[in-house]
Amino acid sequence: MTEGWIFDIQRFSVYDGPGIRTNVFLQGCPLSCAWCHNPEGKPFRPVLRFYPDKCAGCGACAAACARHVHILEEGGRRLLRENCTGCGKCAEACLWSALELPARRVGAEEVVREVCRDRDFFAESGGGLTLTGGEPLSQPLFAAELARLARAEGLSVCVETSGFCPPEALARIAPDTDWFLYDWKITDDALHRRYTGQSNALIRENLALLDRLGARVELRCPIIPGVNDSREHLDGIAALAAEFPCIRSVKLEGYHAFGCNKALQVGMEPFPLQSSMEQSALELLAADLSQRVRQPVSC
């Protein structure tokens, strides 16, 4: 049985593909996007989440942890995350739900059985399963098996991907995928390296691969104020839409600050831009782009 790591299953999503969908979040991502709204899904291992407002300071976590991750001291507490192996014993011992280890290793068949519980919603709305993350294709065999089993159950499958993955992973999952929700974050390669830690060259090459495979793609473009809300980036999006017939629609996604608290909960630095993007500003960019591409543009 093919197994992999997931950190959440989210029901009744209406933003990640057509209809009502059940999103399965796969653990691990090779990019380090500064504005990531799922920072708990970045590491390729389980990550402990700590909710300080729930902590009673009782010390049960410290007593349960053999690796001395939890240090309670006068005036507060510290987490020595470098010592943590993700065993989850501290979260089990916490009576106040101040600690959580969401990642779990599961079999593909178990996941698809759980997703199939929502089959009636899919049938009424034209929805299905969406694989997301993290980067789902960073677990290529697990993701492909999830897609294959879901299609065998008659479910629609969407894959939300950064495109930064081995080409073989895309080619393997493409036959069982109805839609790729494909990120295009920053057109300028130097800026892409600065804000994600990687070049966008492989992402562009993989988009060309999907085009050759005849896949259907919704190009998803997060717009981050002060980073990529520029004429140059809109020009880059328009150029991709003109070049690749596989792109059937374009979606501009406004930055929101929901990931900032989650970053603190898992011991990461939040993105310094704390305010969400105004919907009116995003709509102006979408109206501008819609004048230059043949595909429908939404935001």
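This is a predicted model: local features need pLDDT of at least 70, side-chain atom pairs count only at pLDDT 80 or more; totals for chains, interfaces and linings use all residues.
**A sheet and a buried arginine**

Me: Ok, and how do E2 and E8 pair, parallel or antiparallel?
Reply: Strand E2, residues 21-26, and strand E8, residues 128-133, pair in the parallel sense over 6 bridges, where pairing requires at least two DSSP bridges between two strands.

Me: What about E8 and E9?
Reply: E8 also pairs in the parallel sense with strand E9, residues 156-161, this time over 4 bridges, and within that pairing Leu129 has Val157 of E9 as its bridge partner.

Me: How many residues of E8 are buried?
Reply: E8 is mostly covered, as 6 of its 6 residues are buried, meaning under 20% relative accessible area with a 1.4 Å probe and protein chains only.

Me: Stepping back, what is the strand order in the sheet?
Reply: The sheet is open and has 9 strands, which run in the order E7-E1-E2-E8-E9-E10-E11-E12-E13 with mixed pairing. Its edge strands are E7 (104-107) and E13 (297-298), each of which pairs on one side only.

Me: New topic: where does Arg220 sit?
Reply: Arg220 belongs to strand E11, which covers residues 217-223, and Arg220 is buried, having a relative accessible area of 2%.

Me: Which side chains make polar contacts with its side chain?
Reply: The side chain of Arg220 has a polar contact of 2.8 Å with that of Glu218 and another of 3.5 Å with that of Glu160. A polar contact is a pair of N or O atoms within 3.5 Å, one able to donate a hydrogen and the other to accept it within protein, and sequence neighbours count only if both atoms are side-chain atoms.

Me: And which residues does Arg220 touch?
Reply: Leaving aside residues up to four places away in sequence, Arg220 touches Tyr15, Asp16, Gly17, Glu160, Leu181, Tyr182, Asp183, Trp184, Lys251 and Glu253, with contact meaning heavy atoms within 4.5 Å.

Key: Residues are numbered from 1 along each chain as its sequence is written. Side-chain values use heavy atoms; hydrogens and water are left out. Helices (H or I, at least four residues) and strands (E, at least two) are DSSP runs, numbered from the N terminus. Buried means under 20% relative accessible area, exposed over 50%, partly exposed in between (1.4 Å probe, protein chains only).
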